[in-house]
Amino acid sequence: MIAVEFAKQIRRVRTWVVAAICVVIPFLVGLGFELGGSTNGGGGENLNFVTHQSGTVIGIFALSFSSVLLIPIVFAIFTGEPVASEARWGSLRYLLIRPVTRARVLASKLGVSVVLAVVATVLIPIIGTIVGIGFFGLHPIHAFGIGIGSPILTLSVGDSLARLLLATAYTLFSMFSVVGVATLVGVATENALAAMASGIGLYIVSAILDALPGLRRIHPILPVHYLEAWTHLFLPGGSLGGMTRGVISAAIWGVVPLVLAFCVFQRKDILS
Amino acid sequence: MDAPVVVEVTDLTKRFSTHVIAVDGLSFTVRRGQVVGLLGPNGAGKTTTLRALLGLVRPTSGTMAIFGETIRPGIAVLSRVGALVEGPGFVPHLSGRRNLELYWRAGGSALSEAHLEQSLEISGLGPAADRKVKTYSHGMRQRLGFAQALLGKPELLILDEPVNGLDPRQIVEVRESLLRIAASGTTILLSSHLLSEVEQTCSHVVVMHRGRLMQAGTVAEVTASVASAYLEVDDPDAAVTILAGLPGVNTVDPSPPGIVVQLSGAERSDLVAALVKGGVRVDTVTARRSLEDAFLELVGEHSV
């Protein structure tokens, strides 16, 4: 069933469009830094480097630029859609009377979608780093924090690559919440657009709420709150507390809707 | 000796909301080798019944069994069933052949066990089987859906409006392949709102209206239960007198230029024999009631 699902999704145009975007974006980031010279770029407030002239820095910024919007969109597209598309094509009912159990249908669709989304988004820091190496080579990086007299964190090439890997893994795990909500809405409504929109909408709404100081109390439960906690990996004296809480938050935001999605799908009347 | 029961529907009720009852206390039986037509106008609950039988829709109450196994979603016995429900459904960006392959493999069986070439042959798609499904016409999709239903050489075929959207030539082809499949011993349960279709294809009929069972039996039984005859004779007045006195005749009504006779046991040939004996020459005798008339009468009785 997993092989079958893979065969269906790999030939879809949207799979390749998304993959292409995930390849092009880090190119643009690398090009931007190449053209911008030594001026300090954007990124999270925790990302400050003495110089951008290293492959890993480009990888780090490519990840930073895409983690807030592009990566959630990719996950929402891949995971919100499969059940809904199959329902729209009318082939879902035939799959279920083949018969394939509902849990198996959902699990294999979810599994393949997540794998494809992970592969697509992992391209962003990888290509970013490769492009960066092409432009600047690979050197140790020097990060500093905000404030005068902030100490400098020097990371060897190996250390910086390892931290980038961890940052990427953390960002992908954070997407658990998008996966959960998009899957739940996709299963419940059999509407691909609604599923994708709700996955992305969850992020946009909670980003807005997260920006409102008056709602400080609910900030820790918002799925975006810890999204950029990985930047502490590149901050002198940065703490891992944010990432730990982020992992717990993403696990809850992921598991609860996914369990609901399986229950809904199990009991649902298939009228498509 | 009755053939073994293949499908058993008992008191099936499906309520979609408090106001919408799609199926209401429906019971019927399909035995091996029968070709049963589930007949009713659109909205009678035919599709919901078939969906419930396939475990797609959860019944509000009642039970259903196929080959003696109580139906629940995804039950393994469905692998012995081929189905076409509410039109075919395929992945549009893959070829017809690839769709059938993936459909088959999704069930966890080896492709070599599928009757792929044979089914494609029946579908008559030819080289088009290797084209993407999104380039297919409605009729081609329908025929591919038919091929998909036949892939596993099913013992039971469940077909929802199998000739919907086909042109007359394709309808004849589907009808012929259905008769061939039935002749090979496959049990068929099909739904249709086309009475002529059921009359030509089915051995048995289950008449549904507004979710309820109206009547079930062989096509002949259902037709006969409201049988009547239409006659044109040279002397209508004399004919009315003669026919009214015959046993097995319910009512005799002049319907110029002929006479309509409601039968309750008498055969049309009995009428002709009596008229000829009484010196009345018979010009035309037709079975006034086809299944269509029977159906309209059954449904009419229960319409508001």
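In the predicted model described here, B:Val36 stands opposite B:Leu189 in strand 8 of chain B. Residues are numbered from 1 along each chain as its sequence is written, and chains are lettered from A, with ligands numbered from 1, in the order in which they are written. As the model is predicted, local features need pLDDT of at least 70 and side-chain atom pairs count only at pLDDT 80 or more, whereas totals for chains, interfaces and linings use all residues.

Strand 3 (residues 35–39) and strand 8 (residues 187–192) of chain B pair in the parallel sense over five bridges; strands are DSSP runs of E with at least two residues, helices are runs of H or I with at least four, and both are numbered from the N terminus. Two strands are taken to pair if DSSP finds at least two bridges between them. An open sheet of six strands in chain B has the order 6-7-8-3-9-10, with mixed pairing. Its edge strands are strand 6 (81–84) and strand 10 (212–218) of chain B, each of which pairs on one side only. On average, neighbouring strands of this sheet are turned by 15 degrees against each other, direction ignored. Helix 1 of chain B packs on the sheet, touching strand 3, strand 7 (156–160), strand 8 and strand 9 (204–209) of chain B, and its direction makes about 145 degrees with that of strand 7 of chain B. Contact is assigned if the C-beta atoms of two residues, placed from the backbone, lie within 7 Å. Axes are lines fitted to C-alpha atoms, for helices over the stretch in contact, and angles run from 0 to 180 degrees between N-to-C directions. Helix 4 (residues 138–150) of chain B lies across strand 6 and strand 7 of chain B, running at about 165 degrees to strand 6 of chain B.

Another open sheet in chain B is formed by four strands in the order 2-1-4-5, with antiparallel pairing. Strand 2 (21–31) and strand 5 (69–70) of chain B stand at the edges with a single partner strand each, so one side of each is left without a neighbour in the sheet. Strand 1 (residues 5–15) and strand 4 (residues 61–66) of chain B run antiparallel and are joined by five bridges; B:Thr13 stands opposite B:Ser61 in strand 4 of chain B. Helix 1 of chain B packs on this sheet as well, touching strand 1, strand 2 and strand 4 of chain B, at about 115 degrees to the direction of strand 1 of chain B.

Helix 1 (residues 46–53) of chain B is mostly covered, with eight of its eight residues buried. A residue counts as buried if 20 or more other C-beta atoms, placed from the backbone, lie within 10 Å of its own, as exposed if 12 or fewer do, and as partly exposed in between. The buried residues of helix 1 of chain B include B:Lys46, B:Arg51 and B:Leu53. Just after this helix, B:Gly55 takes a positive phi of about 75 degrees.

In helix 8 (residues 236–244) of chain B, B:Ala239, B:Ile242 and B:Leu243 are buried. Seen down the axis of helix 8 of chain B, the buried residues fall within an arc of 95 degrees, so they line one face of the helix; the arc is that of the directions from the helix axis to the C-beta atoms. The face turned away from the buried side of helix 8 of chain B carries the exposed residues B:Asp237 and B:Ala244. Cover for the buried residues of helix 8 of chain B includes strand 11 (228–233), strand 12 (249–255), strand 13 (258–263) and helix 9 (268–277) of chain B.

Chain B has ten helices and 14 strands, and buried residues make up 42% of its 304 residues. Chain A has eleven helices and two strands. The radius of gyration of chain A, taken over C-alpha atoms, is 20 Å, close to the 19 Å that the globule rule gives for 272 residues, so chain A is as compact as a globular protein of that length. The globule rule is 2.2 Å times the number of residues to the power 0.38. Buried residues make up 49% of chain A. One of the helical residues of chain A is A:Ser66, in helix 3 (residues 55–67). A:Ser66 is buried, with 23 other C-beta atoms within 10 Å. Neighbours within four places in sequence aside, A:Ser66 is in contact with A:Ile25, A:Ile71 and A:Ile124.

The contact between the chains takes 27 residues from chain B and 22 residues from chain A. On the side of chain B that touches chain A, the largest share, four residues, comes from helix 2 (residues 96–106) of chain B. The residues of this side divide into 17 nonpolar, eight polar and two charged, where Ala, Val, Leu, Ile, Met, Phe, Trp, Tyr, Cys and Pro count as nonpolar, Asp, Glu, Lys and Arg as charged, and the others, Gly among them, as polar.
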